[in-house]
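Biologist: Pick one part of this model and take me through it slowly, please. I'd like to hear what packs on what.

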Amino acid sequence: MSDTNQGRPQQQAQPDMTGAKSLWATLAAHGVDTVFGYPGGAIMPVYDALTFYPEVHHILARHEQGAIHAAEGYAKATGRIGVCIATSGPGATNLVTGLADAMMDSVPLLAITGNVARHLIGTDAFQEADITGITLPVTKHNYVVHDAGDLPRIVAEAIRIARSGRPGPVLIDIPKDVQLAAFAGQIAAPHADPARLEARPDDIQTALDLLRSAERPVLMVGGGAQGASREITEFARAWQIPTITTLMGLGAFPSSDPLWLGMPGMHGSVAANQAISEADVLIGFGLRFDDRVTGRVKDFARHAKIIHVDLDAAEIGKIVRVQVSVQADAASAARALTEGVTPFVHPKWTAQIAEWKGRGAPAVSNWGAGYAVKAVVDRLRPDDILSTDVGQHQMLAAQLVRFEKPRRWLTSGGLGTMGFGFPAAIGAALAEPGVTSVVIAGDGGFQMTAQELATLTKYDVRNVKICIINNSYLGMVRQWQELFHGRRYSEVYLGDSNPDFLKLADAYNIAGFRAENETQLSSAIDAWLAHPYSALLEVVVPQEHGVFPMVPQGAALYEMIETDPSLNVPESAPITEAST
């Protein structure tokens, strides 16, 4: 789905052009060749017009949530805009979770919805919903199109807004009569790519002075730096700064580099969390310093002066106190901070980092979820894409996976949306058909969007590999109930009603494989990956398994629990959450 066709001349509308046809013509003019959606009454004229635009490939999902998460996966894997479409009322409201997810994770997304005819708006007409009112807090911008003549301009503007600055979702709501109305204008050409936002020289100089004074520097890289991986890597190596990648930043810095410390935060590495806690200068690129990264905010980077580089001025200083603010594109700021720098050496800091790196590794030596996740991620090739759902398997994958390049990691970070992983993997697979798109999901989250198995079958998508880590529980909720609620497991057990996942896959004509112990796992993975089409692997693991290290909610990063304490905690004495 290319959206880099700026400069293309405007196209004259055809004699029988309608608002609906102008929509598809404008999308095609912007290089949009893949759209995910689900039809319905109020969007029917748009779907009728689609038949005249074979250059746009429409992917029929089985649920609107599947469609929008697939569009997110497409966008996250490529950096280009993802497009999804739905009808009014329940179709539109089924997109809300995906819009909120894209807003939190800065995903460039265009959502198009139908609505009832203009004269029916506000009358509680059948399948009417005020979708622009509903989605105002979870979109960068949204529109109601009142005149067919405005539609191409609005589409071009919406794509520009979704992609420029800090990316995010934009929604266009089109009443049915506007879709049917005659259109006699021109098809809007794409806007030019936005110019990079360069940092102010004074801010760069202040940051340079602070970095030169550092004895214990740390670099944190977030999801906003995925497009600046090369520049960030050069910056870190030039300054010899230990580098941490957040959950959303994984892949933006090569994991094979000795400077890499892993992921910070609630389930971050000991090295990352201790380095943050003891640093004297911390520089962050493209991250929000959210609560899962900071832990107790007043003790986050308690000895450090902080330099924050971000496109979004609203994020700088929002959570943590910042000494140097640099509002700029990550790539340009990294280049400016790298020019003329000679490598700095901090022997004592390097030795301390090495000691921390040897502590608190995830427990994967014994059979369990961690063992299974490591066996899968160890088989990934450099170009493979890994998607996850949300829960214990997500955190284990984030701890254990090793990426050498950006945009190979797709996960729901800010919103933590169960059901995200599988459709996102489909979107990524369609974006890059020559690459294997692997999804690791839990038995709970997979069932939220399992119907998208039909999408694999319908479109003969052959490069999706689904791995379900089945512990018969909502695992992360169970872990918190174990640690903080006296092992009172309330409404988290799934084992008495889970389906036979291999039979479920077979019902959609998808091959299935299963491993129930360590002995079976290697051969099951071999068969799963070697299968020439998309396939499902179920790994049945022990029900009680914790993800550690872990920082209890409200605790400081340096108060992390490094290893699983559950065997030493009597049922009557749960660990106490630190007070906020």
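Modeller: Let's start with helix α22 (residues 518-530), which lies across β17, β18, β19 and β20 (535-540) and runs at about 165° to β19. Helices (H or I, at least four residues) and strands (E, at least two) are DSSP runs numbered from the N terminus; angles run from 0 to 180 degrees between N-to-C directions, with axes fitted to C-alpha atoms, for helices over the stretch in contact. This is a predicted model, so to speak of local features takes pLDDT of at least 70, and side-chain atom pairs count only at pLDDT 80 or more, while totals for chains, interfaces and linings use all residues. Residues are numbered from 1 along each chain as its sequence is written, and side-chain values use heavy atoms, leaving out hydrogens and water.

Now the sheet: it is open, with six strands in the order β16-β15-β17-β18-β20-β19 and parallel pairing (a pair needs at least two DSSP bridges). At the edges, β16 (409-410) and β19 (511-515) each pair on one side only. Further in, β15 (residues 385-388) runs parallel to β17 (residues 437-442), joined by four bridges, and threonine 388 sits opposite isoleucine 440 in β17. Helix α17 packs here too, touching β15, β16, β17 and β18 (464-470), its direction at about 175° to that of β17; contact means heavy atoms within 4.5 Å.

Helix α17 (residues 421-431) also packs with α3 (residues 64-78), at an angle of about 50° and with the axes 6 Å apart. That makes α3 oblique to α17. Residues in this contact include Gly66, Gly73 and Tyr74 of α3 and Pro423, Gly427 and Leu430 of α17.

Methods
Angles under 35 degrees count as roughly parallel, over 145 as roughly antiparallel, 65 to 115 as roughly perpendicular and the rest as oblique.
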